[in-house]
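Here are my notes for your first pass through this model. Keep the 3D view open and check each point as you read.

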Amino acid sequence: MTQAVTTATALVSVLAEHAAKADAEGVFPHESVQALREAGLFGLLVPTEYGGMGGDLGDLVEVAALLAGGCLSTAMIWAMHCQQTDVVVRHAGERLRTELLPRIAEEGYYLASVTTEPAKGGHLLSASSAIEADETELLVRRSAPVVTGGEHADGFLVTMRAAPDAPPNQVSLIHLHRGQADTRVVRDWNAMGMRATRSVGMELDGATAPHQVVGTPGEFRRVAMDSMIPAGHLAWSACWLGAARDALDALVALSRSRQRPGGLDTRSELVRHRLGRARVDLELASAYLLRARDEVLLRRRTGASMDVRALHMQLDTLKVACSELTFSAVDRLVQLGGTMTGYQRDAAVPLERHFRDLRSASLNYSNDRLLGAIGTLTLLDGAGQLF
Ligand SMILES: Cc1cc2nc3c(=O)[nH]c(=O)nc-3n(C[C@H](O)[C@H](O)[C@H](O)COP(=O)(O)OP(=O)(O)OC[C@H]3O[C@@H](n4cnc5c(N)ncnc54)[C@H](O)[C@@H]3O)c2cc1C
């Protein structure tokens, strides 16, 4: 077991302790996030030479799943920060790496993500607002309708059109310190689930230095293919799986306990059938997650390109499949738990919270968009190399 996994295992109970209240009140889980910071987990992916834990995406997957068993909102806040960190590690210039990475590792500097935009919605690889340059600075004026942890982040990675005369697909990724910008919250987050992520709407208005562009200006697509998409889809899927795994374990533990409700009679064929169905969902999600993880780790180890059709399809399939299968599993557990155990906010097992939280999985980068992309590639090579 790695140090990061040992640390995360010890923190699951802290996250679980604060999860219900943060969800009920729709507040940012400060205590849980602070515990992750103090344990050094904000620097999981920061290389050791910058003071971090030097973990890889395999560690990210394992830790994300563990943390999500305590609180899915907190795990997502952390996982998305790690996704941004991976982007900085792999694509920022040395000056920005030296400024940011030690702060992430030592202070738990929190990086939020700004890719969604009002005019173009969720589409990752395009942007409408443009960066404007004056003599020494780059001006960042951006509407950001959904920013997880936006009120509390120390900095943002923002996608924008590379210049006022650039087309929508010529996108730059730019880092903005909170102190460099006027950051206004313009929309609250009063959502069905993932309530503690506080994914508020913001207006950002600031100025950054040219070295704060991450990757080659106008070539965000390369950053997305190499880092943001693989790290994101692996980390989100691990979070969803971790939450659903916890729901299944908790319901099984309840069914074996003295507090077992009458409907959860383990001698019943129907109860076993429903448990079996939920387990099959999670077996499939887990197998596909591990397959995609191994493929990404192998490509990173060998320096193979991440920008290949088969991998795009695999990573998009991972996100679609894990979001659907984990939600399906928890939906089945709600049915199994019934009106009192499955459907009540104050039930012994937080199935109702997991259900609301996991409903976001197909929306958090819309499955409709990903299925469209998978379908387009399928038109090119049919079943491809499928076994
Ligand atoms: C919990 C949570 C946290 C999030 N955190 C962040 C964050 O930190 N930063 C950030 O930038 N964003 C964040 N998002 C935003 C999210 O990832 C989406 O990008 C955002 O909701 C907008 O999605 P959308 O434009 O696809 O459509 P939505 O507004 O979700 O829905 C519009 C509908 O139109 C469909 N649609 C529109 N255009 C197309 C198309 N071209 N092809 C197929 N279908 C289409 C969608 O599928 C959907 O049915 C978060 C979302 C959630 C749920």
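1. Start with K21 and E25, which sit four residues apart in helix α1 (residues 3–25). That spacing is about one helical turn. Their side chains meet in a salt bridge, with 3.7 Å from N to O. K21 is exposed, at 55% relative accessible area. E25 is partly exposed, at 46%. Keep in mind that this is a predicted model.

2. **A second bridge within a helix.** Now go to helix α5 (residues 94–107), where R103 and E107 are four residues apart. Here too, about one helical turn separates the pair. The side chains of R103 and E107 form a salt bridge of 3.1 Å, N to O. R103 is partly exposed, with a relative accessible area of 33%. E107 is also partly exposed, at 46%.

3. **A bridge across the chain.** R221 and D307 make a salt bridge too, and their closest N and O atoms are 2.7 Å apart. This pair links distant parts of the chain, 86 residues apart. R221 belongs to helix α6 (residues 220–256). D307 lies in the loop between α7 (269–302) and α8 (309–341). Both ends are partly exposed: R221 has a relative accessible area of 39%, and D307 has 37%.

4. Some salt bridges share partners. D23, R345, E352 and R356 are joined in this way into one network. Over the whole structure, a search finds 20 salt bridges.

5. **The largest pocket.** How much space lies in the largest pocket? It holds about 1200 Å³. Its lining counts 50 residues, and those closest to the centre are W236, L363, N364, Y365 and S366. Find these five in your viewer to locate the pocket.

6. Several elements each supply at least two lining residues: α4 (72–91), β1 (111–114), β3 (138–147), α6, α8 and α10 (367–381). Which of them gives the most? Helix α6 does, with nine residues. By class, the pocket lining has 27 nonpolar, 18 polar and five charged residues.

7. **The cavity.** The structure holds one cavity of 30 Å³ or more. The volume of the largest cavity is about 30 Å³. A19, D23, C71, S73, R195, A196, R353 and D357 line it. Helices α1 and α9 (351–358) each supply at least two of the lining residues. The lining divides into three nonpolar, one polar and four charged residues.

8. **Cysteines without partners.** A disulfide is a covalent bond between the sulfur atoms of two cysteines. How many disulfides does a search of the whole structure find? It finds zero.

9. An unreviewed UniProt entry gives residues 13–106 as "Acyl-CoA dehydrogenase/oxidase N-terminal". In the model, this span is 71% helix and 0% strand. Its end C-alpha atoms lie 23 Å apart. The unreviewed UniProt entry also places "Acyl-CoA dehydrogenase C-terminal" at residues 236–361. That span is 76% helix and 0% strand, and its end C-alpha atoms lie 8 Å apart. Treat both names as coming from the record.

Key: Residues are numbered from 1 along each chain as its sequence is written. This is a predicted model: local features need pLDDT of at least 70, side-chain atom pairs count only at pLDDT 80 or more; totals for chains, interfaces and linings use all residues. Side-chain values use heavy atoms; hydrogens and water are left out. UniProt positions are given in the numbering used here, feature names are shortened, and annotations may be inferred rather than shown by experiment. A salt bridge is a side-chain nitrogen of Lys or Arg within 4 Å of a carboxyl oxygen of Asp or Glu. Buried means under 20% relative accessible area, exposed over 50%, partly exposed in between (1.4 Å probe, protein chains only). On a 1 Å grid over the protein atoms alone, a cavity is a set of points where a 1.4 Å probe fits but cannot get out, and a pocket is an open set with protein on both sides within 12 Å along at least five of seven lines; lining residues have an atom within 4 Å of a point. Grid points are joined across faces, edges and corners, and a volume is the space filled by probe spheres set on the points. Ala, Val, Leu, Ile, Met, Phe, Trp, Tyr, Cys and Pro count as nonpolar, Asp, Glu, Lys and Arg as charged, and the others, Gly among them, as polar. A disulfide is a pair of cysteine sulfur atoms within 2.5 Å.
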